[in-house]
Amino acid sequence: MATKDKPNNRNLRALFSVICLCIIALGLIVYFSTQSVDNAQVNEATTVKQTETTEVQKRVTVKETTTQSETTKEPEQTTKQETTATTTTEQATMEAGDTNTPYKSFYKYPCSETVISGYTEELVKNDTMGDYRSHTAVDFQCAKGEKIVAINDGLVLSVEDDELLGKVVEIDHGGKLVARYCGLNTVNVSEGDYVTIGQTLGTLGTVPFELNSESHLHFETILDGKNVNPLDVMGKSE
């Protein structure tokens with residue numbers, strides 16, 4: 001009987017070993033499966049977090065771009081306002097005439113440079129009127145219908161018809177200098193207009209009290225309320 005029990009004991013131990021190995025194998029399978037699930041969850045959470053961070057960065061970039069665009073527009077608006085203010089100030093200064101200084105140091109001839117009768121305060125014969133009188137002006141040779149231009153920048157003080165001088169345009173040229181353009185036929189400017197040097201004022205007509213002289217512009221300059229030689233004022237005298 002003892003000899004017969006030994007094989008049975010071996011079989012039981014072998015079966016027990018197999019069962020233990022199966023239990024260990026099952027445990028290992030369960031352990032590694034759990035680790036894989038945990039890692040997958042961690043990776044998934046990390047991916048979501050990175051996506052959220054990217055969206056925040058996009059929102060920040062859009063906000064910064066909008067702020068820069070608004071900042072860029074502000075200098076353009078400021079420049080426009082400064083330009084407008086400068087223009088208004090310049091016009092107000094010219095209109096007020098506080099300093100009354102010449103706008104330019106250079107003067108143009110109102111028409112041709114040829115003088116047919118110069119400036120004099122002495123009495124001279126006037127062939128048209130048949131008397132003697134001073135000629136406090138310069139007569140520049142000019143044909144009827146030719147353009148008459150401004151000798152400098154200035155403000156038109158008046159446009160009038162005079163019995164002896166014809167149609168007269170009077171302009172304040174700054175520096176207490178007023179010029180009278182006499183004997184015009186047509187006039188392109190009005191009282192209160194600002195003119196620039198060389199601008200056409202009108203065309204030549206006739207000077208009633210000098211009709212017997214050849215066609216000319218009768219040109220007077222008044223400095224600080226007193227008649228002066230136009231050629232001296234314009235720096236044209238020799």
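Here are a few exercises on this structure, which is a predicted model, each with a worked solution.

**Exercise 1. Find the residues with the most contacts inside the largest nonpolar core, and the element that gives the most to this core.**

Step 1: Start with the core itself. The largest one has 25 residues.

Step 2: Pick out the residues with the most contacts inside the core. Those are Phe-140, Ile-148, Tyr-181, Leu-217 and Phe-219.

Step 3: Now look at the elements. Two or more residues of this core come from each of β4 (138-141), β7 (166-172), β8 (177-187), β10 (200-204) and β11 (216-223).

**Exercise 2. Work out which salt bridges belong to a network, and where Glu-170 and Arg-180 sit.**

Step 1: Get the total. A search of the whole structure turns up 4 salt bridges.

Step 2: Go to Glu-170. Its partner is Arg-180, and their closest N and O atoms are 3.3 Å apart.

Step 3: Glu-220 joins Glu-170 and Arg-180 in a network of salt bridges.

Step 4: Check the cover on Arg-180. Its relative accessibility is 18%, and buried means under 20%, so Arg-180 counts as buried.

**Exercise 3. Decide for Arg-133, Asp-131, Lys-167 and Asp-161 whether each is buried, partly exposed or exposed.**

Step 1: Take the pair Arg-133 and Asp-131, whose side chains meet in a salt bridge at 2.6 Å, N to O.

Step 2: Arg-133 has 25% relative accessibility, so it counts as partly exposed. Asp-131, at 26%, counts as partly exposed too.

Step 3: Turn to Lys-167 and Asp-161, which form a salt bridge at 2.9 Å, N to O.

Step 4: Lys-167 has 22% and counts as partly exposed. Asp-161 has 61%, and exposed means over 50%, so Asp-161 counts as exposed.

**Exercise 4. Identify the residues of a nonpolar and of a negative surface patch.**

Step 1: For the nonpolar patch, look for Leu-15, Ile-19 and Ile-23, which make a patch of about 300 Å².

Step 2: Zoom in on Ile-23. This residue is in helix α1 (residues 2-96). With a relative accessible area of 56%, Ile-23 is exposed.

Step 3: For the negative patch, gather Glu-160, Asp-162, Glu-163 and Glu-191.

Notes: Residues are numbered from 1 along each chain as its sequence is written. This is a predicted model: local features need pLDDT of at least 70, side-chain atom pairs count only at pLDDT 80 or more; totals for chains, interfaces and linings use all residues. Side-chain values use heavy atoms; hydrogens and water are left out. Patches are made of residues with over 30% relative accessible area and no salt bridge: like charges are joined within 9 Å, nonpolar side chains (Val, Leu, Ile, Met, Phe, Trp, Tyr) within 5 Å. Accessible areas come from the Shrake-Rupley method with a 1.4 Å probe; for residues, only the protein chains shown count as cover. Lys and Arg count as positive and Asp and Glu as negative; His and the chain ends are not counted. The place of a charge is taken as NZ of Lys, CZ of Arg, CG of Asp or CD of Glu. A nonpolar core is a set of buried Ala, Val, Leu, Ile, Met, Phe, Trp, Tyr and Cys residues joined through side-chain atoms within 4.5 Å. Buried means under 20% relative accessible area, exposed over 50%, partly exposed in between (1.4 Å probe, protein chains only). Helices (H or I, at least four residues) and strands (E, at least two) are DSSP runs, numbered from the N terminus.
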